[in-house]
Amino acid sequence: MHQHAQTLAIRTPGSGLFDITSKVEAVVSQSAITNGLATLFIRHTSASLTIQENADSDVLVDLKNFFERIAPFTDTYQHATEGPDDMPAHIKSALTATSLSIPISAGRMALGTWQGIYVFEHRTRAHDRDVVVHVMGEKWQRR
């Protein structure tokens with residue numbers, strides 16, 4: 001069993017969904033693991049990770065708009081230490097995921113045709129986000 005870990009630095013310009021699939025693919029490729037599991041973990045409480053459709057950008061717009069309706073910036077929240085988008089961002093993060101598990105098969109992530117990996121930024125201003133990618137499994141070895 002082999003392991004490889006790397007932290008991706010992701011700069012988000014503000015709220016929205018940002019495709020990191022190619023960055024994660026590069027880590028999986030560098031790992032040289034042919035069969036196993038990639039685990040992704042975002043080290044923040046006001047952003048999250050999701051696997052979503054990568055073919056029609058309307059999906060991303062609709063998701064962002066839906067989450068803004070269920071946790072609007074205009075509501076009054078007790079926790080507002082970092083501004084009016086602070087608590088809504090925590091709510092949105094709690095309703096989504098901070099980690100993902102993706103099978104590795106034949107050296108590639110087993111994502112579906114229309115699936116992409118996204119950082120879902122819930123804050124309105126730019127942020128630097130860290131996503132830890134841990135790949136574990138078997139390496140192909142010539143006999």
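# Cavity, sheet and cores

Q: Which residues line the largest cavity?
A: A cavity is a set of points on a 1 Å grid over the protein atoms alone where a 1.4 Å probe fits but cannot get out, and lining residues have an atom within 4 Å of a point. On this basis, the lining of the largest cavity consists of S15, G16, K64, F67, E68, F73, K92, F120, E121 and H122.

Q: What kind of model is this?
A: Residues are numbered from 1 along each chain as its sequence is written, and side-chain values use heavy atoms, without hydrogens and water. Local features need pLDDT of at least 70 and side-chain atom pairs pLDDT 80 or more, while totals for chains, interfaces and linings use all residues, as this is a predicted model.

Q: Which element gives the largest share of the lining of the largest cavity?
A: Helices (H or I, at least four residues) and strands (E, at least two) are DSSP runs, numbered from the N terminus. Two or more lining residues come from each of α2 and β7. The largest share, 3 residues, comes from α2.

Q: What is the strand order of the open sheet of 3 strands?
A: Strands pair if DSSP finds at least two bridges between them. β2 (16–19) and β4 (47–53) are the edge strands, each pairing on one side only. Antiparallel to β2 runs β7 (residues 115–121), joined to β2 by 4 bridges. With antiparallel pairing, the order is β2-β7-β4.

Q: At about what angle does helix α2 run to β4?
A: Contact means heavy atoms within 4.5 Å, and angles run from 0 to 180 degrees between the N-to-C directions of lines fitted to C-alpha atoms, for helices over the stretch in contact. Helix α2 (residues 57–70) lies across β2, β4 and β7. Its direction relative to β4 is about 140 degrees.

Q: Which residues touch the most other members of the largest nonpolar core?
A: A nonpolar core joins buried (under 20% relative accessible area, 1.4 Å probe, protein chains only) Ala, Val, Leu, Ile, Met, Phe, Trp, Tyr and Cys residues through side-chain atoms within 4.5 Å. β3 supplies the largest share of this core, 4 residues. Leaving aside neighbours within four places in sequence, L40 is in contact with residues including V24, I117 and V131. Of the 21 core residues, those touching the most other members are V24, L40 and V131.

Q: How many residues form the second, separate core?
A: Among its members are L17, L60, F67 and F120. F67 and F120 also line the largest cavity. The size of this second core is 5 residues.

How values were computed: Buried < 20%, exposed > 50% of the residue type's maximum accessible area, 1.4 Å probe, protein only. 1 Å grid on protein atoms, 1.4 Å probe; cavity = no way out; pocket = protein on both sides within 12 Å on 5 of 7 lines; lining within 4 Å.
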